[in-house]
Amino acid sequence: MGEVRKLQKKLRQIENLEIKVSLTPEERVKVSKKAELRSRLAELLLQLSGPQQTHCIVGEEEDKMKRQVEDAAEHHRGHTPAVKVAREDDHQKKESREDGGKKRESGGQTQNISDSPGPPDPDSEFRSLKASWESAKFRLRTLEGHSDIVTCVAAVDNLVISGSRDTTVKVWHVPTATEQRNLGGHSGGVTCLNVPPAEYCRSLASALRLGEKERFVLSGSSDCCVRIWTLSSGQCVKSVYTFNTVTSMCFIAAGGGYVATGSDAGKLQVWDWLSQENRQSVNAHLDSVTTLQSQGPLVFSGSVDGSVCVWEVCDGGPEPLRRLQSWGSEVTCCGGGEEAGGRLRLSARGDRIFLACGRASIRVLNWRTGTVSRLTNHSSSAGVTDCVNQIPGVLIGSSFDLTTGESTLNLFSLPQCKYLVSLTSSDLPRILCFAAWLTPSGGHRWVTGGRDLTVWEQLQGNVKKRGDVTVRRDSRLDNSLSESDRDSEEEESEDADEDSIPQDASDTEEVATTSSWLRCVLQ
């Protein structure tokens, strides 16, 4: 297994190298060996699996069923009386159910027990939700125009907004899959986007004497600027110099509105929406703030160092944000950003924060108590989780297999965190960013970014046409929520092996240069 882990580590480093802005000749040589390494890894895994084991889900189910049939036959041969007892018990249960449906007298009144309403059955709701996703069909369309990796996406109405390391922000018309606007002005890679709520767009439009229906999009960049653009014309109406590389951003819908930005040095800054004046600046984390999310009266921030902070919005006070809680990497188990790709993404829901930190599992942090669970998002430690998001009733986590290069979206029910299905398509690249919204007819529409910018549109109704997305279930992800806050034994042993792998000077340089795609933006 030692060679397998070494190959997985090299593939992880190559994947991080590939999303750099530029490569040295030595790095290009390393990247060119990816196919060779992946082929060698596949051969080793095949040898280790043996003739009786397979990674095919159908094959595993067949073996499982055969074992169950054999065990059942053995059980029948040796325990015949027990079968009779079981049948008698089943008969008694059937009679009990029949009696339960009959009318009984209670207090002089006749009551039909079967007609009395009961609490909703969560298992029934889950089965219904799973069945609906198993039959879902999606059409995929690639939006071509960026010359570099897409680092962030946003959506509003029929428009998709994408930001890239090519320094541009593009606006796309989804129904026609065409580029509508090219917003150029940043001198560095675009790292984050945000579309403020319509009511706050109206207030800024009024202050700028623009039409009341005007919508705005905010972009943050490694050039230390936050720019505010009009969606109708693509004009940059405001530019705020933050004195720090902007690595994340969110809009706070409180009072007159605020814009919160995170920097590469761990600083959190808050800006007034209408005047663009700085209202607060605080050293929130020890390393780059890679994720910010506003949810009601709370703001959540996460960093490369694995720490997570929860802030309370205090509109009208001297400072808009007050720190409520802070948890370090020793609690979140999201440390080791160098090996995990140097990223952390979060999606909050009530007391729980779902964390994607480049590992095979999603961490689930209760920010009030500090307890952490693991939600398995990949069947082996060779998986990478780059982003996590939510739609009504469903948690979505991206999963990338370092061994095969396969990319999937895994869906889990909320709040139970039970595995539903996996969605994938041939040649789907690694997903680095994700946004979702609903069409006027209630269908799902998603956009994913990375090497490609792809729109996922759900085909509604009884559509006979086959979709572009394969819907499948991986039984290895069932019962995937673990209360343990530690990595699995496989992940821990892999980390230990990686630490013990001898490295020459070039390998040391490779690890240093592949710390994160976000750091590569700054180059």
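1. Strand β29, covering residues 431–438, is the top contributor to the lining of the largest pocket, supplying seven residues. Please keep in mind throughout that this is a predicted model.

2. How much space lies in the largest pocket? The volume comes to about 1300 Å³. A total of 45 residues line the largest pocket, and those closest to its centre are Val153, Leu193, Asn194, Asn389 and Phe434.

3. What is the make-up of that lining by class? For the largest pocket, 29 of the lining residues are nonpolar and 14 are polar, with two charged residues besides.

4. Do also have a look at the hairpin formed by β6 and β7. Strand β6 spans residues 168–173 and strand β7 spans residues 178–184; the two pair in the antiparallel sense, with six bridges. One of the pairings links His173 to its bridge partner in β7, Thr178.

5. Four residues separate β6 from β7.

6. Now for the chain as a whole. There are 33 strands and 12 helices. Of its 523 residues, 50% are buried. Taking contacts between residues at least 6 apart in sequence, 53% join residues at least 24 apart.

7. Finally, the surface: the chain exposes about 24900 Å², and 48% of that area is supplied by carbon and sulfur atoms.

How values were computed. Residues are numbered from 1 along each chain as its sequence is written. This is a predicted model: local features need pLDDT of at least 70, side-chain atom pairs count only at pLDDT 80 or more; totals for chains, interfaces and linings use all residues. Side-chain values use heavy atoms; hydrogens and water are left out. Two strands pair if DSSP finds at least two bridges between them. Buried means under 20% relative accessible area, exposed over 50%, partly exposed in between (1.4 Å probe, protein chains only). Contact means heavy atoms within 4.5 Å. Accessible areas come from the Shrake-Rupley method with a 1.4 Å probe; for residues, only the protein chains shown count as cover. On a 1 Å grid over the protein atoms alone, a cavity is a set of points where a 1.4 Å probe fits but cannot get out, and a pocket is an open set with protein on both sides within 12 Å along at least five of seven lines; lining residues have an atom within 4 Å of a point. Grid points are joined across faces, edges and corners, and a volume is the space filled by probe spheres set on the points. Ala, Val, Leu, Ile, Met, Phe, Trp, Tyr, Cys and Pro count as nonpolar, Asp, Glu, Lys and Arg as charged, and the others, Gly among them, as polar.
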